[in-house]
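Student: Hey, can we go through this structure together? I'd like to start with the charged side chains and then look at the rest.

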Amino acid sequence: MVKKIGVIGAGVMGKGVAQAFAQSGYSVVLIDVCENLLLTASEEIYNNVRFQGLFRRGEAVADPDAVLSRIRLSTDYELLADVDYVVENVTERWETKKEVYQKLDRICPDDVVILVNTSCISITKIAALTKRPSRIAGAHFMNPVPLKPAVEVIRGYHTADSTIEEIKDLLLSIGKETIVVNDYPGFVSNRISHLFMNEAAFVVQDQVASPQEVDEIFKKCYSHAMGPLETADLIGLDTVVQSLDVLYESYQDSKFRCCPLLRKMVEAGLCGRKSGQGFYTYE
């Protein structure tokens with residue numbers, strides 16, 4: 001029996017998650033409050049599947065029409081009433097998260113596992129919004145989702161062992177390894193990587209080096225695939241700023257103070273790849 005996956009949020013991460021599950025044969029319901037974003041997501045998923053063949057020569061290539069046929073796009077949360085799993089990918093704002101989880105708790109069956117694809121907000125804090133904390137865990141997918149081989153899974157305070165095992169099996173079925181960590185804001189990946197990107201922005205702000213020079217050092221001297229500022233542009237500078245604010249509020253530690261240059265760029269609409277301009281210009 002084909003499992004049904006609900007995916008909340010049709011932004012950068014949500015469309016990647018929807019694509020990854022649909023490519024593996026799952027039926028997907030992709031929900032977003034913005035119809036234009038859903039339309040864009042559909043177009044980009046089609047193109048991403050088509051272009052994957054360029055990166056995976058010699059491997060079987062998915063049919064983009066077949067992948068899209070498994071994804072239902074809608075603004076109606078009630079379509080989640082019969083899903084088996086939910087992956088939530090909405091913006092890193094607490095009030096938005098709170099509203100979404102209240103809906104999910106009301107609509108979804110009691111046995112549904114909810115995977116929280118959040119950047120920094122505590123899984124325990126999110127699970128407390130629901131009547132099913134044992135069925136909630138973090139699943140921090142990396143971008144681009146279809147191409148990344150592993151997922152950082154976060155165990156909340158009340159997350160059941162059976163929930164973790166179920167998530168491991170689910171992720172394995174789409175070809176992804178699971179690395180399980182415990183819950184504190186930012187977990188492992190973002191607690192460290194956002195310090196990295198933030199300090200890189202401070203280096204540019206202080207005119208120590210240009211964005212290109214910063215990234216070249218990490219690619220050529222440390223063999224990183226991408227530099228910290230290229231990574232920030234890929235994630236979205238608005239998301240990086242929101243995540244740093246969550247980390248600062250959660251730990252009350254000045255090391256998470258957001259670089260003023262990052263905040264200024266976001267206020268100017270320079271959010272990276274998604275807006276066409278960040279530390280770099282994109283066509």
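This is a predicted model: local features need pLDDT of at least 70, side-chain atom pairs count only at pLDDT 80 or more; totals for chains, interfaces and linings use all residues.

Student: Okay. Which residue does glutamate 44 form a salt bridge with?

Tutor: Its partner is lysine 15, and the closest N and O atoms are 2.0 Å apart. The two belong to distant parts of the chain, 29 residues apart: glutamate 44 is in helix α2 (residues 35-55) and lysine 15 is in helix α1 (residues 12-23). Helices (H or I, at least four residues) and strands (E, at least two) are DSSP runs, numbered from the N terminus.

Student: Is lysine 15 buried or exposed?

Tutor: Lysine 15 is buried, with a relative accessible area of 14%. Glutamate 44 has 30% and counts as partly exposed. Buried means under 20% relative accessible area, exposed means over 50%, and partly exposed is in between (1.4 Å probe, protein chains only).

Student: What about arginine 132, what does its side chain meet in a salt bridge?

Tutor: That would be aspartate 105, at 2.9 Å from N to O. This pair also links distant parts of the chain, 27 residues apart, with arginine 132 in the loop between α5 (123-127) and β6 (136-140) and aspartate 105 in helix α4 (residues 94-107). Arginine 132 counts as buried at 5% relative accessibility, and aspartate 105 counts as buried at 16%.

Student: And how far apart are lysine 168 and glutamate 165 in helix α6?

Tutor: They are three residues apart in α6 (residues 161-172), so about one helical turn separates them. Lysine 168 counts as partly exposed at 30% relative accessibility, and so does glutamate 165 at 42%.

Student: Which residues are linked in a network of salt bridges?

Tutor: Glu216, Lys219, Lys220 and Glu230 are.

Student: New topic: which buried residue has no salt bridge?

Tutor: Glutamate 152 is one of those, and the nearest side chain of opposite charge, arginine 191, is 9.8 Å away. For charge, Lys and Arg count as positive and Asp and Glu as negative, while His and the chain ends are not counted. Glutamate 152 sits in strand β7 (residues 150-155).

Student: What does the side chain of glutamate 152 reach, then?

Tutor: It reaches the backbone nitrogen of valine 188 at 2.9 Å. There is also a polar contact of 2.5 Å between the side chains of glutamate 152 and serine 189. A polar contact is a pair of N or O atoms within 3.5 Å; within protein, one must be able to donate a hydrogen and the other to accept it, and residues adjacent in sequence count only if both atoms are side-chain atoms.

Student: Now the sheet. What order do the eight strands have?

Tutor: The open sheet runs β3-β2-β1-β4-β5-β6-β7-β8, with mixed pairing. Strands β3 and β8 (177-182) stand at the edges with a single partner strand each, so one side of each is left without a neighbour in the sheet. Two strands pair if DSSP finds at least two bridges between them.

Student: In which sense do β2 and β3 pair?

Tutor: Strand β2 (residues 27-31) and β3 pair in the parallel sense over four bridges. Isoleucine 31 stands opposite serine 74 in β3.

Student: Where is arginine 72, and is it buried or exposed?

Tutor: Arginine 72 is in strand β3 (residues 71-74). It is exposed, with a relative accessible area of 53%. Leaving aside neighbours within four places in sequence, arginine 72 is in contact (heavy atoms within 4.5 Å) with Val28, Val29, Leu30 and Leu79.

How values were computed: Residues are numbered from 1 along each chain as its sequence is written. Side-chain values use heavy atoms; hydrogens and water are left out. A salt bridge is a side-chain nitrogen of Lys or Arg within 4 Å of a carboxyl oxygen of Asp or Glu.
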